[in-house]
Amino acid sequence: HMKAWCVGAAVLALLTAGAFAEEKAPDLPPGALCANQGTIADDAMTRPHWNGWGVDVQQHRFQPAAMAGLAAADVPRLKLKWAFGIPGALRAWAQPTVVGGHVFFGSTSGTVYALDARSGCLHWTFSARIGVRSTLVVGRDARGWTAYFGDERGYAYAIDAATGALRWRVHLDEHPGASITDGPTLDGGMLYIGTSSGEEVSGANPGYPCCSFRGSVSALDASTGKIVWKSYTIATEARPVRRNAAGIELMGPSGAGIWSSPTVDAALHRLYITTGDNYSDPPSATSDAFMAFDIATGTLAWSRQMTGGDAYNIGCEYPKHTNCPATKGPDVDFGSPAILVELGGGKRALIAGQKSGVVTALDPDHDGAVLWQHRIGKGSALGGVQWGMAADKDNVYAALSDIDSNVVKQGTPGARRAGELWFLLDDKAGGGLFALKLATGEVAWGTPHPGCEKAPGCSPAQSAAVTAIPGVVFSGGVDGHLRAYAAKDGRIVWDVDTKGDRSTVNGVAAHGGSINGPGPVVVDGMLYVNSGYASFGQASGNVLLAYSVDGK
């Protein structure tokens with residue numbers, strides 16, 4: 001059993017193989033380009049939309065009935081309406097944003113697309129030339145509508161949402177490993193963006209001076225891109241710590257990246273983020289933590305660490321452990337944002353799920369005091385809660401990953417290659433969706449994965465972010481299935497397999513695969529979901545799928 005070693009090999013292979021170069025798109029078939037340029041109405045935010053990662057600045061991932069346009073009773077009748085193929089991609093991992101009848105999303109090549117929400121026809125493209133994993137968020141000012149996002153090298157962008165023309169581009173972090181993952185949060189003319197990093201992977205190289213990146217969150221003037229303030233998750237810069245066996249000077253503290261979108265607390269004028277693990281010694285007190293900043297100044301208000309001593313990099317998975325920190329932590333950081341919820345009686349909670357398998361609720365009105373914790377799984381580097389939960393007025397809904405895999409021989413049915421290795425996902429490890437009561441963390445219900453039915457290479461893990469509408473909760477799986485659960489009791493009321501070849505509106509050869517990272521987006525009677533995630537033995541794919549009750 002060598003799951004963690006495979007993880008490192010898979011990441012290294014994907015980062016170095018040049019697999020994300022976009023191919024030249026084929027000639028577009030009739031109808032692929034929209035007949036009209038398309039406009040966004042001035043009152044678009046009063047009409048059905050899903051804007052940014054969590055649909056609101058409290059990151060609920062809950063779409064109200066008026067915006068969803070999809071009743072719980074209609075969900076079992078959803079059928080594929082159209083599919084859009086992403087040229088040359090191995091994964092479709094940028095969650096779409098839907099505003100003003102437009103669907104906006106990025107791609108691993110750096111191309112940002114704007115489609116018609118009903119038909120999937122193409123309005124325009126913009127090339128960032130660097131992979132865009134970030135969700136876009138859209139806002140309006142004197143210039144009109146603007147879409148904001150980040151890329152995989154730490155640049156933030158503002159582009160005209162009606163035409164795709166560049167408005168501004170700002171580099172938020174000069175570190176070569178810096179990246180922007182889930183995307184910005186827009187509120188009151190200010191854009192809040194966190195930075196994550198791939199330096200944890202670089203630590204596998206004994207010749208690399210691991211590590212010097214430290215996470216940060218920036219507040220930008222949305223109209224100009226000017227950085228109003230920037231605060232780091234680790235207060236001090238990395239400094240020399242020791243030399244490794246190869247004589248390379250190692251640095252620290254490092255890490256504590258921000259993988260998820262920030263959360264806004266208008267009542268206390270605070271901004272909340274969750275952090276990743278450390279990459280090197282010494283461990284910091286702000287890794288694997290909730291952090292609260294003054295929203296006007298970026299001053300740290302409080303921090304609450306959930307797992308101490310979690311310093312880890314991929315070098316820990318190699319025999320000599322050359323760059324591995326002394327603590328060799330479990331790598332159970334936060335990949336999902338904090339959700340700010342009302343509990344009634346004037347009480348509130350800040351809730352996030354961790355890769356440890358634990359969901360935690362803090363009191364934002366008492367400096368992050370712990371209200372409750374509940375474990376839903378065993379957790380691991382790829383386990384626990386990976387990318388995000390959803391919350392309605394009663395429950396928070398958490399999907400369990402706990403994915404596992406084994407190195408196997410080439411030719412083993414269902415095995416997928418990462419570098420020089422072939423590995424097979426465990427068809428019995430992980431999965432399940434849980435409803436936890438907001439006030440207490442008590443389990444309202446838990447529904448296990450229905451099983452892989454011995455399909456080679458299948459995993460029951462549910463790693464993607466969860467999405468909810470009144471009466472229904474959606475959870476995508478590594479097995480490529482998107483399932484809808486009754487919010488009342490967890491019954492599965494709809495199950496669609498997104499894998500396989502698809503006929504696309506833009507004429508690009510496309511197929512679905514594993515669902516991971518972002519969750520589905522529900523707007524005006526339509527459900528949009530990405531399919532394909534070529535990482536860690538999961539199934540590749542390059543398609544955005546749109547479902548509706550009327551279908552094609």
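Reader: Which residues have the most contacts inside the largest nonpolar core?

Author: In this predicted model, local features need pLDDT of at least 70 and side-chain atom pairs count only at pLDDT 80 or more, while totals for chains, interfaces and linings use all residues. Residues are numbered from 1 along each chain as its sequence is written, and side-chain values use heavy atoms, leaving out hydrogens and water. A nonpolar core is a set of buried (under 20% relative accessible area, 1.4 Å probe, protein chains only) Ala, Val, Leu, Ile, Met, Phe, Trp, Tyr and Cys residues joined through side-chain atoms within 4.5 Å. The largest has 22 residues, and those with the most contacts inside it are Val 75, Ile 469, Phe 474, Leu 482, Trp 494, Leu 527 and Tyr 547.

Reader: Which strand gives the most to this core?

Author: Strands here are DSSP runs (E, at least two residues), numbered from the N terminus. Those giving two or more residues include S1 (79-85), S39 (526-531) and S40 (543-548). With three residues, the biggest giver is S40.

Reader: Which strands stand at the edges of the open sheet of three strands?

Author: The order is S27-S29-S28, with antiparallel pairing; two strands pair if DSSP finds at least two bridges between them. One side of each edge strand is left without a neighbour in the sheet because each has a single partner strand; these are S27 (405-408) and S28 (416-418).

Reader: What is the bridge partner of Val 408 in S29?

Author: Four bridges join S27 to S29 (residues 421-425), and the two run antiparallel. In S29, the partner of Val 408 is Trp 422.

Key:
Buried means under 20% relative accessible area, exposed over 50%, partly exposed in between (1.4 Å probe, protein chains only).
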